[in-house]
Amino acid sequence: MTDGKEAKYKVGMIGIGRKGAQHAGAYRLDPRTHIVAAADTDEENLEIFCKRFGVRGYTDYKEMLAKEDIDIAAPILPVRPNPGVVIGCAESGVKGILCEKPFAATLEEADRAVNVCKANGVKVGAGDLDLNLPAYQKAKEMVDAGEIGDVLSIQYNDGSGTELSGGFIQRFSIIRMFANWAEIAWCIGWTTDDAWKDHDQGGAGYFRFVNGIEAFMSRDDDARGRGFVVNGTHGVLRNSNDVIRMYKSPATGVSSWETLQEVTGVFPESSIRGREGTTPGKRDIIYESDGWQWPGDRQVASVKVFVDYLEQGLDPPGSGDNGRKVLEMAIGIRESHRRGHTAVQFPLEDRGLRMIPHQGRMEYKKPQMGRDAYMDQMAKRVKDDLVKL
Ligand SMILES: NC(=O)c1ccc[n+]([C@@H]2O[C@H](COP(=O)([O-])OP(=O)(O)OC[C@H]3O[C@@H](n4cnc5c(N)ncnc54)[C@H](O)[C@@H]3O)[C@@H](O)[C@H]2O)c1
């Protein structure tokens, strides 16, 4: 942890509810960043946060941006205000913006936010946590180096549940990463609810990338649990329940599942989410010295990768542009269903198309849950013998 005095980048948090406080914990652990201020329309949340981090608070983020010298703006907001605030930050002169996902509910809003960031030379990340984990970065590096030959297809055995946009969007990013960030040529798909509704829902589909790579995604988890398989001409990369393994064809002879040889000593033996844990009943809760929950490997990695890329003047892998493209993938699946499961060409022409996240992501949760239930959830993030909310 750093007191931030030497830090290169001053961070302004915008929206410090449950997820925002977690992001802030990761900025505090990165020696290159220092949180100087926070903005939130909820004064109760703002007071808790400012007391914890010892920073100035504002109820209007524009006032914060005007009065403070912010390098990185961190809007961790419900989806409805997110694109507008990203634009406000980009126009204020910050160097980088790292927000949450989904980036926006409509393609138009996502386009506008990406374009304004680009026009202002601002680097923007849209909340992809998973692909920043060191094991995913290593896997991508090895696949790029040709360890499994040419990538042919990506198969996701981790179902979309009830959220193509809200939840599965991070998986779309991993699909795009192993498809070498290529553009999509077309997709076909189906959704689980009424495809004529604009709300987020489950679904499944097939994507054909312009480089010929194929991606298949299913509706439900199968026996392998959370994960995916990347199939190459000379090997296979697989993630089953957050344990990554790579297998390569033998140098000679005919290859089969039985003869593929495992690459050992590269990936962790257990969950790549490390100390954050994901196995039900085995989640390790680690507290920092101030009594608040440690932000977790994914969050720490997400901030680290964002700052690494910012230092090089680049958008991070889970960029704003990626944020709009994964939204387009979710909408593409539904559009195919609407058109009788026929192929939908990309990019989607109608930029007015939207996928509205579940209420809990789209709008602020405290008014939905009621103040007491919401504050109970906040209280679960602290050791109650050390911190009183
Ligand atoms: N990447 C992940 O794994 C992951 C996990 C959970 C949540 N999320 C995303 O994080 C986002 C936030 O989730 P959360 O659980 O912290 O939400 P939350 O409802 O707990 O908190 C939102 C905060 O934003 C503030 N806010 C709302 N509108 C504002 C505005 N215009 N200006 C300033 N502050 C404003 C609220 O007062 C509140 O403090 C959502 O988009 C959600 O989809 C991502």
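Reader: How do strand β12 and strand β13 pair, parallel or antiparallel, and over how many bridges?
Author: In this predicted model, strand β12, covering residues 235-240, and strand β13, covering residues 243-248, run in the antiparallel sense and are joined over 6 bridges. Within that pairing, Val-236 has Tyr-247 of β13 standing opposite.

Reader: And what packs on the sheet there, touching β12 and β13?
Author: That is helix α6, residues 134-144, which touches β7 (151-156) and β11 (227-232) as well as β12 and β13, and whose direction makes about 15° with that of β13. Helix α9, residues 320-338, packs on the sheet too, where β8 (184-191), β9 (203-209), β10 (214-217) and β15 are touched, and the direction of helix α9 makes about 65° with that of β8.

Reader: What is the strand order in that sheet?
Author: The sheet is open and has 9 strands with mixed pairing, in the order β14-β13-β12-β11-β7-β10-β9-β8-β15. At the edges stand β14 (261-262) and β15 (344-345), and because each has a single partner strand, one side of each is left without a neighbour in the sheet.

Reader: Changing topic, how is the open sheet of 6 strands arranged?
Author: Its strands follow the order β3-β2-β1-β4-β5-β6, and the pairing is parallel. The edge strands, β3 (56-58) and β6 (123-126), each pair on one side only, and from one strand to the next the twist averages 25°.

Reader: Could you take β1 and β2 as an example; which residue stands opposite Lys-10?
Author: Strand β1, residues 9-14, pairs with strand β2, residues 33-39, in the parallel sense over 6 bridges, and the residue opposite Lys-10 is His-34 in β2.

Reader: Now the ligand: how many residues surround it, and which are the closest?
Author: The ligand is surrounded by 24 residues, of which Lys-19, Asp-40, Leu-77, Lys-365 and Tyr-374 are the closest. By type, the shell around the ligand divides into 8 nonpolar, 7 polar and 9 charged residues.

Reader: Which helix gives the most to that shell?
Author: Helix α1, which spans residues 18-29, gives the most, contributing 3 residues to the shell.

Reader: What about polar side-chain atoms, say that of Arg-361, and how far is it from the ligand?
Author: A polar side-chain atom of Arg-361 is 3.1 Å from an oxygen atom of the ligand. For Asn-45, a side-chain N or O atom lies 3.0 Å from a ligand oxygen, while for Arg-298 the corresponding distance to an oxygen atom of the ligand is 3.3 Å.

Reader: And how much of the ligand does the protein bury?
Author: Taken alone, the ligand exposes 870 Å², and the protein buries 88% of that area.

Conventions. Residues numbered from 1 in each chain as written. Predicted model: local features only at pLDDT ≥ 70, side-chain atom pairs only at ≥ 80, totals over all residues. Heavy atoms only, no water. Near = heavy atom within 4 Å. Polar contact = N/O pair within 3.5 Å; in protein donor to acceptor, adjacent residues only side chain to side chain. Areas by Shrake-Rupley, 256 points an atom, 1.4 Å probe, with all protein chains shown as cover. Helix = DSSP H or I, 4+ residues; strand = E, 2+ residues; numbered from the N terminus. Nonpolar A, V, L, I, M, F, W, Y, C, P; charged D, E, K, R; others polar. Pairing = 2+ DSSP bridges. Contact = heavy atoms within 4.5 Å. Axes fitted to C-alpha atoms, helices over the stretch in contact; angles between N-to-C directions.
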